[in-house]
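Dear colleague,

I am passing on a structure that you have not worked with before, and my notes on it follow below. Please read them with the structure open beside you.

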Amino acid sequence: ATTMGSVLDGAPMAVRVAVTAAWPLSTLLVLAAFGVSYRRHRAELARAARHDIEGVPVSVTDALGPAVIGVRAPRIVVPAWLLERSAHEQRLVITHEQSHIAAGDPLLLLSACIAVALMPWNPIAWFALARLRLAIELDCDNRVLRTGTSPRQF
């Protein structure tokens, strides 16, 4: 079995240092990108108008949603256009987002993002994150459909 050390044994010191530093630097870069995205969402959330839909407090924005933001104290964010839709459509969106919260989806996604940040060079980790996001959405949709909503309405 070949180890990284044996592969780099004959390499110049600069190459060995660069390869050794690439992993933690790429992890920091990915964490920084996630942090910037998180801060943008939080800033948008701070500017959001508060509203109640079906007795559920939501934040209304022009740029985000429908989504859940946060892990410890998740908040439902909806786009302003949702307020122009029927009460039934609003209820479906809120039910969907509440289902994400009840299932612990924000924590699951945070965990997957941390895993990707720890292995940013691994394309399988990025692929798995994308597939997890899709699986979470499909599972959430199925939970909403199990409440008695017809697929056509949803």
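**The sheet**

Strands β1 and β2 run antiparallel and are joined by 5 bridges. One of the residue pairs to look at here is D52, whose bridge partner in β2 is P57. Please keep in mind throughout that this is a predicted model.

These two strands belong to an open sheet of 4 strands, in which the order is β1-β2-β4-β3 and the pairing is mixed. The edges are formed by β1 (49-53) and β3 (67-69), each of which pairs on one side only. On average, and with direction ignored, neighbouring strands of the sheet are turned by 45° against each other.

Moving across the sheet, β2 and β4 pair in the parallel sense over 3 bridges, and V60 has V78 as its bridge partner in β4. The pairing of β3 with β4 is antiparallel, again over 3 bridges, and there I69 has R75 in β4 as its bridge partner. β3 and β4 also form a hairpin with 5 residues between them, and G70, which sits in the turn, has a positive phi of about 110°. As for burial, β4 is mostly covered, since 4 of its 5 residues are buried.

Which residues make up the largest nonpolar core? There are 10 residues in all, namely I53, V56, V58, V60, V68, I76, V78, L82, V93 and I94. The elements that give two or more residues to this core are β2 (56-61), β4 (75-79) and α3 (87-103), and the largest share, 3 residues, comes from β2. In soluble globular proteins, nonpolar side chains tend to be buried together.

**Where two helices cross**

Helix α2 (residues 13-47) also meets helix α4 (residues 105-118): their axes come within 8 Å and cross at roughly 145°. On the α2 side the residues are W23, T27, V30, L31 and F34, and they meet C113, V116, A117 and L118 in α4. By class, this contact has 8 nonpolar residues, 1 polar residue and no charged ones.

**Two residues to look at one by one**

E137 lies in helix α5. Is E137 buried, partly exposed or exposed? Its relative accessible area is 35%, so E137 counts as partly exposed. Leaving aside neighbours within four places in sequence, E137 is in contact with H96 and H100, and a polar contact of 3.0 Å joins the side chains of E137 and H100. The C-alpha atoms of E137 and D105 are separated by 9.3 Å, although these residues are 32 residues apart along the chain.

T149 lies in the segment after α5 (123-145). With a relative accessibility of 12%, T149 counts as buried, because the cut-off for that class is under 20%. Its side chain is joined to that of T147 by a polar contact of 3.5 Å, and, leaving aside neighbours within four places in sequence, T149 is in contact with L92, V144 and F154.

With best regards

Key. Residues are numbered from 1 along each chain as its sequence is written. This is a predicted model: local features need pLDDT of at least 70, side-chain atom pairs count only at pLDDT 80 or more; totals for chains, interfaces and linings use all residues. Side-chain values use heavy atoms; hydrogens and water are left out. Buried means under 20% relative accessible area, exposed over 50%, partly exposed in between (1.4 Å probe, protein chains only). A polar contact is a pair of N or O atoms within 3.5 Å; within protein, one must be able to donate a hydrogen and the other to accept it, and residues adjacent in sequence count only if both atoms are side-chain atoms. Contact means heavy atoms within 4.5 Å. A nonpolar core is a set of buried Ala, Val, Leu, Ile, Met, Phe, Trp, Tyr and Cys residues joined through side-chain atoms within 4.5 Å. Axes are lines fitted to C-alpha atoms, for helices over the stretch in contact, and angles run from 0 to 180 degrees between N-to-C directions. Ala, Val, Leu, Ile, Met, Phe, Trp, Tyr, Cys and Pro count as nonpolar, Asp, Glu, Lys and Arg as charged, and the others, Gly among them, as polar. Two strands pair if DSSP finds at least two bridges between them.
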